[in-house]
Amino acid sequence: MKYSKTVLLLILSFWILASEKLLACSSCGSGAADPVVLNPLERQKLYLGLSVQSGFRDFDHRGELRPDYGPEQQRRLEVAFAQRVSPTLFVSLDGGLGENRRGSRVKHGLTDTTINSRWNAWTQDVTKPWLPQVQMVLSHRFKTTRSVQDAREENYLDSFGAGYDETFAGTDIWFGMWPLMFGGSLLFSKAWESSTKSGRLEAGPSRKAIATLGFMPFEEWKLIGGAIFDRRGAIRLDDHELPESDKRSQDLFLTWESLLKGTDNFRFSFVKKGAFGSHKNAVLMRAYTLAWLRTL
Amino acid sequence: MNAMKTILLASSLIFAGFAQGACLTLSVDELQQRFAGQDKTLVFFASWCASCKKHVLPERSDRAIFVASVDEPSRAEAVLKLYLGQKADTAICVFDASGGIAKRYGVHNLPQEKPL
């Protein structure tokens, strides 16, 4: 575990040192990854997002819908800060506060913290619109708060995190020079082993594919939407794989984002988790997020 | 000595003339000194900006200084050729390599226009 984190830090350091040359257009919007993206002219950006999640139900291992015994409504205040490190690389840090509600009972807590980096391997060019922007993504989420595995409150009301560290790596491809923009991301993750009251738990590796369409009806705003295909391997508890514990879900998202010329912009997102297709050990819910972004 | 100065001055004027159509690399101070007193509009653009097409127009090239922000000179020049056609040869283009000009004029997004 310690060795793997050292490797991760070395990879991050290499990226920072390796990306000495030129630009980036990070204005793609696959929506479901890190919340703050810098365009090449931006050096720093602050993000404040308020989301409400509700309508929770669970898909079991057969794909049948069951009542959810967790919170009926979750609210999240997400704070993120992005910093450009070089013309082609930026990093961001995000975390926040959560509120879980069920009936009249309410609990508050901190959410997990994530550090993200995006490196532009290839930047878009209007004279060559058939060549996409290619970004490499590397993120690490730290276990910073209580999860369902070690919840003390009934209905997991005091659970605000995943319960384990997880490292994400992948690529993001975006054809943004056409009237109808499109692209996709492929993100893989490795979850790190975590000690829980049930034993040593290790969530399976995940694979997230995101297909995105974008449209700019006006210069000042864009609309993007798409689908997220999420897969996760089986859970291991004390080195034994739990049968039928792998996960599968398909989600939909729609995002409206302003592109105003000043320093402030706004984003409104809608996500429907468990939206279509067959699911396994997944959650059905809807989330609305209103975010404010300030370029510093 | 005076003859040397005259030659240097003449050379710089000739090269400045040739430089029109190709992007000049200037700092913000150099930009303001060079075009001081002229009624020019800075049109910020880049090869990575799809919607800059509406602002980089041939009919505006007489009064515009096209500022290529955080871009490669060859890419910015290719964009001017694409949008301005023959006017690209006479248009004034400034290459803002570090984004310093954009920063001084408070430009965070493209496309954008600012008076000089």
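Modeller: Here we go through confidence and then the salt bridges.

Modeller: Keep in mind that this is a predicted model.

Colleague: How confident is the predictor in chain B, and in the complex?

Modeller: Chain B has a mean pLDDT of 83, with 82% of its residues at 70 or more. For the complex, the predictor gives an ipTM of 0.75 and a pTM of 0.83.

Colleague: Which elements of chain B have the lowest and the highest mean pLDDT?

Modeller: The lowest is helix α1 (residues 2-19) of chain B, at 50, and the highest is strand β2 (residues 41-45) of chain B, at 94.

Colleague: What makes B:Arg75 and A:Asp125 a salt bridge?

Modeller: Their closest N and O atoms are 3.7 Å apart, and the cut-off is within 4 Å, so the pair qualifies.

Colleague: Why do you say that this pair joins two chains?

Modeller: Because B:Arg75 lies in helix α3 (residues 73-84) of chain B, while A:Asp125 lies in the loop between β6 (113-122) and β7 (133-142) of chain A.

Colleague: Why are B:Arg75 and A:Asp125 called buried?

Modeller: Buried means under 20% relative accessible area. B:Arg75 has 9%, so B:Arg75 counts as buried, and A:Asp125, with 4%, is buried too.

Colleague: How do you know that A:Asp251 and A:Lys273 form a salt bridge?

Modeller: The closest N and O atoms are 3.3 Å apart, which is within 4 Å, so the label holds. A:Asp251 sits in strand β16 (residues 247-258) of chain A and A:Lys273 in strand β17 (residues 264-273) of chain A, so the pair ties together parts 22 residues apart in sequence.

Colleague: Are these two buried or partly exposed?

Modeller: A:Asp251, at 2%, is under 20% and therefore buried. A:Lys273 has 26%, between 20% and 50%, so A:Lys273 counts as partly exposed.

Colleague: What about A:Glu257 and A:Arg267: what makes them a salt bridge?

Modeller: With the closest N and O atoms 3.2 Å apart, they are within 4 Å, so they pass. A:Glu257 is in strand β16 of chain A and A:Arg267 in strand β17 of chain A, ten residues apart. A:Glu257 is buried at 13%, and A:Arg267 is buried at 13% as well.

Notes
Residues numbered from 1 in each chain as written. Chains lettered and ligands numbered in written order. Predicted model: local features only at pLDDT ≥ 70, side-chain atom pairs only at ≥ 80, totals over all residues. Heavy atoms only, no water. pLDDT = per-residue confidence, 0-100. Helix = DSSP H or I, 4+ residues; strand = E, 2+ residues; numbered from the N terminus. Salt bridge = Lys/Arg side-chain N within 4 Å of Asp/Glu carboxyl O. Buried < 20%, exposed > 50% of the residue type's maximum accessible area, 1.4 Å probe, protein only.
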